[in-house]
Every structure is written in C-alpha cells, then in structure tokens.
Amino acid sequence: MSKALLATDLPFPKRSGKVRDVYDVSDEAGQPALLIVATDRISAFDCIMPNGIPEKGKLLTQISSFWFERFTGKIDHHVITTNLDELPSSLRAHAKSIDGRFVLGKKTHVVPIECVARGYLAGSGWKEYQSSQSVCDIVLPAGLTQCGRLPNPIFTPATKAQSGHDQNISFEIAAREAGAELATMLRDLTLKLYAEAAEYAASRGIIIADTKFEFGLDDAGKLILIDEILTPDSSRFWPADQYVPGRDQPSYDKQFVRNWLETQPWDKTPPAPLLPANVVAGTRARYVEAFEKLTGRCWSSGEVQDP
C-alpha cells in the first residue's frame, strides 16, 4: 500500500479544507480557474486525523469524475480537465505528484447553500424526525423508521459552515438567502440528479441514502455543478444486499473510522488519536469497493483497470 498524501505544496495561492487543497491558477490557465487537489486526509467529528487513508484522494476524484462524465450534456459543471496531459505546461511541471487526484475547474461564485437530497431517513434527518416528525420543516408521515425509505425524496438545504457542522434550514430560509427563483432551481436540479444517480447505483448494488451537491454561478450568471459529487465523502452509500431498515446500516464511508473512535478514550477535540493499521486498511477497502461497484472497473495501486 502506498503512503498517504497528507498535504501538497504547489507555488500558487492556496487554501485548504479538511480534505482538499485548492489553488487559484487563473493566470496559468488563462481563465478564472482552480486546481482542486484531493489529499488522503480524513476527518471525523470535525477533526482531521493525524494519518490518512492511502489513495483516498485518488478514489474520491475518480468516483466524482465518473459522475461528472455521466452527467455531461445534462447539466453544466465546473470540470475543465482531470488529465495531466491537458494541463497548461506551466501547471504540468508542478502537478506530476498529484496526477489522478486533481481537477482543474472553472472558478465560480459559490452559492452559499448545501443542496442535500434525502431518499432515506438517516443521520441528522432521523434525529430531527424523532423530535418533530419533520425534516427541514417538511412534515413526514408518522411511523417511519431509522434508515427507512421515504415516500419520496426530499430536498433539505443547509447553510455552508466555515467550520463545524452545516446547519439544516427550511426551503423558505434558503429562498430568502438565495432568492426564490434560484432556490427553486437548486431544489429541482438536486432532486433530479439524485433520482438519476440513485437509480443507477441501485443497479450496481448500492443504495444512495442521501447526498450533497454544491453549485456555483459563473461570470455570466449561469448555474453550474461544482466541487465533488456522489462520493462516499458527500453521500451515504449502503450495500443494498445488507440493507435492513430500523437500524444503522453498514456503509462505504468513514463511519468505520467513527466507530473505532467511539471506542477510544478521546474527547473529540484535537489532537485526534493515530488510526491503527487495520482501521486504515478497512476504510480504504470500503472506498475501493464503492469505486469498483459504481464504475465496474478494477482498482489496483491507484491505477484504474478495465475488468
């Protein structure tokens, strides 16, 4: 197994999130553009772990790229290229170390709303339902169970937090924040993309319980899909053959890490404990399985191979 890439250091203006290093490369690209690099960092309980998951960034990038390619022609998106050979020469000289884990994307004015589609009642949605029989002010039928399928998918927007957890909001609040017309477009696009992705994933043995999309406006005011999409970091992926409503589900995301952390004498503030080798390997295996099931391709040491 290769060593986890925890940080990058390219000679361009940079900002870093929990997983991604984002470089403003507008001058090199000849247009407003960002070089978005997915590292192998992993966070849990809003804390970045001291060691990462080898190839996680590559897996996230390749899963996201698969979906962007699938949606091409159906919605505009930010991807310019994920191919090292298609980068401007001034970028290519610095980017060989991040091959397979970067996206050169259009720079946009980010819409400050997380666009969440839920097809199943899990996570914060389940907690809210238990107290109010609603999620984001959407009243739901009585008697629904944990991780149960909803009668119809729902749009549950959230505020984009700079740190900590995003906060669920109602559609009415989202409309006040973004404008009624834009909020309606966000809702309709989110539910449309979710429905198509969920149908495809089901054919591959994966339930997409919920997922988060982000959108931006280009300089002409056109709404486009940005960031990562439909990865284990932005979605709840459940193996369909193990699905049983009424309890937590096995998943393809970092829940494996959270479960281990819950057994540790840690107060969920930095510094986090070092993840043991078996937790690292088990988490990586879940990301690999999600990639292979969704794409139908094999993953071997970071190289995508046709079966």
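This is a predicted model: local features need pLDDT of at least 70, side-chain atom pairs count only at pLDDT 80 or more; totals for chains, interfaces and linings use all residues.
Figure 1. D227 is not a glycine, yet its phi is positive, about 65°. The residue is found in the loop between β15 (223-226) and β16 (235-239). Most residues other than glycine have a negative phi.

**Figure 2. F45 in the loop between β4 and β5****.** Here too the phi is positive, about 50°, and the residue is not a glycine. The strands on either side are β4 (43-44) and β5 (47-48). F45 is partly exposed. Its relative accessible area is 24%, so it falls in the class between buried, under 20%, and exposed, over 50%.

**Figure 3. Helix α4 and its buried face.** Helix α4 covers residues 123-132. Its buried residues are G125, W126 and Y129. Seen down the axis of α4, they fall within an arc of 100°, so they line one face of the helix. The cover over these buried residues includes two strands, β9 (113-120) and β10 (134-135). On the other side of α4, the view shows K127, Q130 and S131, which are exposed. Q133 follows the helix. Its phi is positive, near 55°.

**Figure 4. The cis peptide bond between P270 and P271****.** Omega for this bond is about 0°. P271 lies in the loop between two helices, α7 (255-262) and α8 (277-295). Most peptide bonds are trans.

**Figure 5. R284 of helix α8, with E55****.** R284 is found in α8. Its relative accessibility is 16%, so it counts as buried; the cut-off for that class is under 20%. In sequence, R284 and E55 are 229 residues apart. In space, their C-alpha atoms are 7.7 Å apart.

**Figure 6. D166 and E114 across a sequence separation of 52 residues****.** The C-alpha atoms of this pair are separated by 8.0 Å. D166 sits in the loop between β13 (158-159) and α5 (171-178). With a relative accessible area of 29%, D166 is partly exposed.

**Figure 7. The whole chain, as context for the close-ups.** The protein chain has 8 helices and 18 strands. Its C-alpha trace spans about 60 × 50 × 40 Å along the principal axes. The radius of gyration is 19 Å. A compact globule of 307 residues would have a value near 19 Å, so the two agree. Of the 307 residues, 48% count as buried. Take the contacts between residues at least 6 apart in sequence: 63% of them join residues at least 24 apart. The chain exposes about 14,400 Å², and carbon and sulfur atoms supply 49% of that area. There are 34 positive and 39 negative charges. Their mean positions are 3 Å apart.

Notes. Residues are numbered from 1 along each chain as its sequence is written. Side-chain values use heavy atoms; hydrogens and water are left out. Helices (H or I, at least four residues) and strands (E, at least two) are DSSP runs, numbered from the N terminus. The radius of gyration is taken over C-alpha atoms; the globule rule is 2.2 Å times the number of residues to the power 0.38. Buried means under 20% relative accessible area, exposed over 50%, partly exposed in between (1.4 Å probe, protein chains only). Contact means heavy atoms within 4.5 Å. Accessible areas come from the Shrake-Rupley method with a 1.4 Å probe; for residues, only the protein chains shown count as cover. Lys and Arg count as positive and Asp and Glu as negative; His and the chain ends are not counted. The place of a charge is taken as NZ of Lys, CZ of Arg, CG of Asp or CD of Glu. The arc is that of the directions from the helix axis to the C-beta atoms.
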